[in-house]
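Morning, everyone. Let me put the model on the screen, and then I'll walk you through it.

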Amino acid sequence: MNTGKVLISLILLGMPLFILSAGNIDGADFTQQRESAIRTAQEPPSAAARLQEETNQPRLTSRVLKSKSAADAIEAGSTVEKREKYKPYIAGEGEKKVK
Amino acid sequence: MKPAKLKFFLLMAAICLGLAVLTTGCHDDDDDYDHHHDGGYYGDGAGTIRLINGSTVMIDFFYLSPVDSSSWGPNLLYGPLPSLASADIVDISAGIYDARAKVIGQYSEYSAYSYDVPIREYRIYDLYAYDSSFTGSLRIVNQSAGATIVAVYVVPASATSWGTNQLSAPVGPSAALHLYDMADGSYDIRIVWDAGPDSFYYDIPVDSLTLTTKNVT
């Protein structure tokens, strides 16, 4: 009898938590498609290994620090897929995120 | 030593010392140059960038723009640059530039950036591009039965807020939003629907030269 009361109390106490967390939280189900390597026969494979090792050279990075216009922008896509350039995050901008 | 010879010796020593001081004091234009970034001399009077494609994909476009310019300007490659090949961009006026290499892939487009690149006369600046140099892309597919996405927020997982809406127009059922030019890393996604509660997805990876597809409902 006491156990039943405890269970009912736990359910009643837990309900507000479910109500507050409105929204769907999904797991990491996603797919990834990597661009296939397009190698040429201009240099032997050993050259590739050598280039990869020289990481102390000046190199390009994926960090987008400036927004500059480009004549070849391809923000178009089709009616089923809208292609847009990512708008980089600015610290503190927008609604506060609560995980 | 006779006094006359001693005087002559001291005079010559003073002249030599003075010349040595003057030579040391002269500013050698090359001394302040970071030789680590220096690919060598080039003989046409202007600076050169040598783009070295150390990635496994072909670089389709390369742009070079003065740091204070608001546009990237024209493509500077004569043709696509194959993997493990290099291209010299010559006759560049001395100055500070931003550089961008771009790949048009099978699934998306990707860019790699370098900022504040110093170009000096008679010098070659070696600039390397590797696979990890490039951005990634994210495709968000509306897999709901009949709901429309009205706003999409995509921010780095470490961000404390949701940033700006990435969507310029609603995305209906079965349609998709394809975001490109994203730095590699983990991202959190918030989907705002025309009806019903928001959807949240955390720690979605975006990798270089990769299109990540996330179905949302």
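I'll take chain B, its domains and sheets, and then the interface with chain A.

Housekeeping first. This is a predicted model: local features need pLDDT of at least 70, side-chain atom pairs count only at pLDDT 80 or more, and totals for chains, interfaces and linings use all residues. Residues are numbered from 1 along each chain as its sequence is written, while chains are lettered from A and ligands numbered from 1 in the order in which they are written.

Chain B, then. It has 1 helix and 13 strands. Helices here are DSSP runs of H or I with at least four residues, strands are runs of E with at least two, and both are numbered from the N terminus. Of the 217 residues in chain B, 42% are buried. Buried means that 20 or more other C-beta atoms, placed from the backbone, lie within 10 Å of the residue's own. Now contacts: two residues are in contact if their C-beta atoms, placed from the backbone, lie within 7 Å. Take the contacts in chain B with a separation of 6 or more; 69% of them join residues 24 or more positions apart.

Next, the domains. Chain B is assigned domain 1 (35-133) and domain 2 (136-216). Those bounds come from an automatic or database domain assignment. The C-alpha centres of domain 1 and domain 2 of chain B are 31 Å apart. Their contact takes 10 residues from domain 1 and 8 residues from domain 2. On the domain 1 side, strand β6 (residues 109-119) of chain B gives the largest share, 3 residues. That side divides into 4 nonpolar, 4 polar and 2 charged residues. For the classes, Ala, Val, Leu, Ile, Met, Phe, Trp, Tyr, Cys and Pro are nonpolar, Asp, Glu, Lys and Arg are charged, and the others, Gly among them, are polar.

β6(B) also belongs to an open sheet of 3 strands, with the order β3-β5-β6 and antiparallel pairing. To count as paired, two strands need at least two DSSP bridges between them. Look at Val103(B): it stands opposite Tyr110(B) in β6(B).

Strand β9 (residues 149-156) of chain B meets strand β11 (residues 185-193) of chain B over 7 bridges, antiparallel. There, Ala151(B) has Val192(B) as its bridge partner. β11(B) also pairs with strand β12 (residues 199-206) of chain B, antiparallel, over 6 bridges. Gly185(B) is bridged to Val206(B) in that pair. The hairpin of β11(B) and β12(B) has 5 residues between the strands, and Gly196(B) takes a positive phi near 95 degrees.

Finally, the interface. Here 56 residues of chain A contact 74 residues of chain B. The chain A side draws at least two residues from each of β1 (24-26), β2 (31-34), α2 (45-53) and β3 (81-85). β3(A) gives the most, with 5 residues. By class, the chain A side has 19 nonpolar, 16 polar and 21 charged residues. Which strand of chain B pairs with β3(A)? Strand β10 (residues 176-182) of chain B does, in the parallel sense, over 5 bridges. Within that pair, Arg83(A) has His178(B) as its bridge partner.

Technical notes: Buried ≥ 20, exposed ≤ 12 C-beta atoms within 10 Å, placed from the backbone.
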